[in-house]
Amino acid sequence: MSDLTYASLTILIIWAGIFFYVFTLDRRLRRLEEHGARGWDVSAPEEE
Amino acid sequence: MRWWKAFIGLWIAVVIWAAFNWIPPAMGLGETSRIAWFHIPVAWICVLAFGVAMVTAIGYLRTRDLRWDDRSAAAAEIGLVYAVLATVSGSMWAHKAWGIWWNWDPRESSIIILLLIYAAYFALRAALDEEVRRAMLSSVYSIVAFITVPYLVFVVPRVMRSLHPDPVINTAGGGGMDGGMVMVLVAAVIGQTMLFAWIHTLATRIRRRSREALYV
């Protein structure tokens with residue numbers, strides 16, 4: 001693997017990590033807005 | 001606020017383009033030096049996030065308003081994620097530059113200690129059910145934890161022998177970087193800082209909404 005490809009792969013891993021984290025946050029927020037506490041913890045009892 | 005997100009995306013896209021096309025590889029480090037324009041800002045956000053966690057923890061202790069605790073925990077969470085990314089990217093760079101993934105260099109050891117300190121912060125939060133008690137104890141912990149950050153990040157790597165490139169940004173001429181490299185690095189740091197500000201609002205909203213849904 002060339003040095004440039006290796007550097008690109010490393011940088012891709014950094015951005016993939018950031019995007020995955022932001023995606024996870026966005027999904028958690030959407031679930032919370034749609035389902036309340038159950039969005040945070042799906043094992044929690046359903047709200048009345 | 002969509003324009004703000006678009007602006008951050010555009011800024012970062014320009015930084016990525018410039019890091020690969022506008023500046024040459026650094027002398028002696030070759031093409032792998034391009035990792036630095038992303039690894040350093042990630043490490044910077046790690047320190048910034050832990051700093052924000054401490055300042056907002058002080059905010060909680062002064063006001064006893066749980067919204068400050070939400071901000072503090074959100075910042076610590078982002079700091080932990082960025083610390084993992086800095087560790088992974090640093091290790092990958094070390095593999096190419098030093099021929100070894102990990103050699104317990106002072107900077108590598110420091111970030112592992114930081115990871116453990118802030119992992120313990122979340123273990124503490126998870127162990128406490130009562131929200132006021134949790135906010136109180138974790139705020140105190142966050143303040144004490146941050147005292148170690150300047151020591152581990154700025155002091156230890158400078159007083160101990162290290163293979164890590166010595167202060168990449170220093171006061172004596174930018175550590176051998178030319179003007180273009182400094183510009184890209186500063187732009188990358190600004191881009192990551194703006195991204196942090198946005199992620200922090202997102203993570204804070206999640207913590208506030210989940211707290212309100214569970215306790216109100």
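Predicted model: local features only at pLDDT ≥ 70, side-chain atom pairs only at ≥ 80, totals over all residues.
**Figure 1. Chain B as a whole, a chain with 6 helices and 0 strands.** Read along the sequence, the elements of chain B follow the pattern α-α-α-α-α-α. Taken along the principal axes, the box that the C-alpha atoms of chain B fill is roughly 60 × 45 × 30 Å. A compact globule with 216 residues would have a radius of gyration near 17 Å, and the 19 Å of chain B agrees with that expectation. Of the 216 residues in chain B, 39% are buried. When contacts in chain B between residues at least 6 apart in sequence are considered, 78% of them join residues at least 24 apart.

**Figure 2. Helices α2 and α5 of chain B, whose axes come within 8 Å.** The axes of α2(B), which covers residues 36-63, and of α5(B) cross at roughly 145 degrees, and α2(B) passes α5(B) in a left-handed crossing. On the side of α2(B), the residues that make the contact include B:Val47, B:Phe50, B:Met54 and B:Leu61, while those of α5(B) include B:Ala135, B:Ile143, B:Phe146 and B:Val153. Sorted by class, the residues of this contact of α2(B) with α5(B) are 13 nonpolar and 3 polar, with no charged residue.

**Figure 3. Helices α3 and α5 of chain B, whose axes come within 10 Å.** Helix α3(B) spans residues 66-97 and helix α5(B) spans residues 131-159, and their axes cross at roughly 50 degrees. This angle makes α3(B) oblique to α5(B), and the crossing in which α3(B) passes α5(B) is left-handed. The contact is made by B:Leu66, B:Asp69, B:Ser72, B:Ala73 and B:Ala76 from α3(B), together with B:Glu131, B:Ala135, B:Ser138, B:Ser139 and B:Ser142 from α5(B). In this contact of α3(B) with α5(B), 4 residues are nonpolar, 4 are polar and 2 are charged.

**Figure 4. Helices α4 and α5 of chain B, with their axes 10 Å apart.** These two helices pack at an angle of about 180 degrees, and for this reason α4(B) is described as roughly antiparallel to α5(B). Among the residues of α4(B) that meet α5(B) are B:Pro106, B:Ile113, B:Tyr118 and B:Arg125, and among the residues they meet in α5(B) are B:Arg134, B:Tyr141, B:Val149 and B:Pro157. The contact of α4(B) with α5(B) has 15 nonpolar, 4 polar and 3 charged residues.

**Figure 5. Two loop residues of chain B, B:Arg64 and B:Trp104.** B:Arg64 is placed in the loop between α2 and α3 of chain B, and although B:Arg64 is not a glycine, its phi is positive, at about 60 degrees. Because B:Arg64 has 13 C-beta neighbours inside 10 Å, this residue counts as partly exposed. B:Trp104 lies in the loop between α3 and α4 of chain B, and B:Trp104 has a positive phi of about 55 degrees although it is not a glycine. Is B:Trp104 buried or exposed? With 7 other C-beta atoms within 10 Å, B:Trp104 is exposed.

**Figure 6. A:Leu25, a residue in helix α1 of chain A.** The helix that holds A:Leu25 covers residues 3-35 of chain A. With 19 other C-beta atoms within 10 Å, A:Leu25 is partly exposed, since a residue is buried if 20 or more lie within that distance. If its neighbours within four places in sequence are left aside, A:Leu25 is in contact with B:Ile199, B:Leu202, B:Ala203 and B:Ile206. A:Ile14 is 11 residues from A:Leu25 along the chain, and the C-alpha atoms of these two residues are separated by 17 Å.

Technical notes:
Residues numbered from 1 in each chain as written. Chains lettered and ligands numbered in written order. Axes fitted to C-alpha atoms, helices over the stretch in contact; angles between N-to-C directions. Helix = DSSP H or I, 4+ residues; strand = E, 2+ residues; numbered from the N terminus. Parallel < 35°, antiparallel > 145°, perpendicular 65-115°, else oblique. Left-handed = near helix turned anticlockwise from the far one by under 90°. Contact = placed C-beta atoms within 7 Å. Nonpolar A, V, L, I, M, F, W, Y, C, P; charged D, E, K, R; others polar. Buried ≥ 20, exposed ≤ 12 C-beta atoms within 10 Å, placed from the backbone. Rg over C-alpha atoms; globule rule 2.2 N^0.38 Å.
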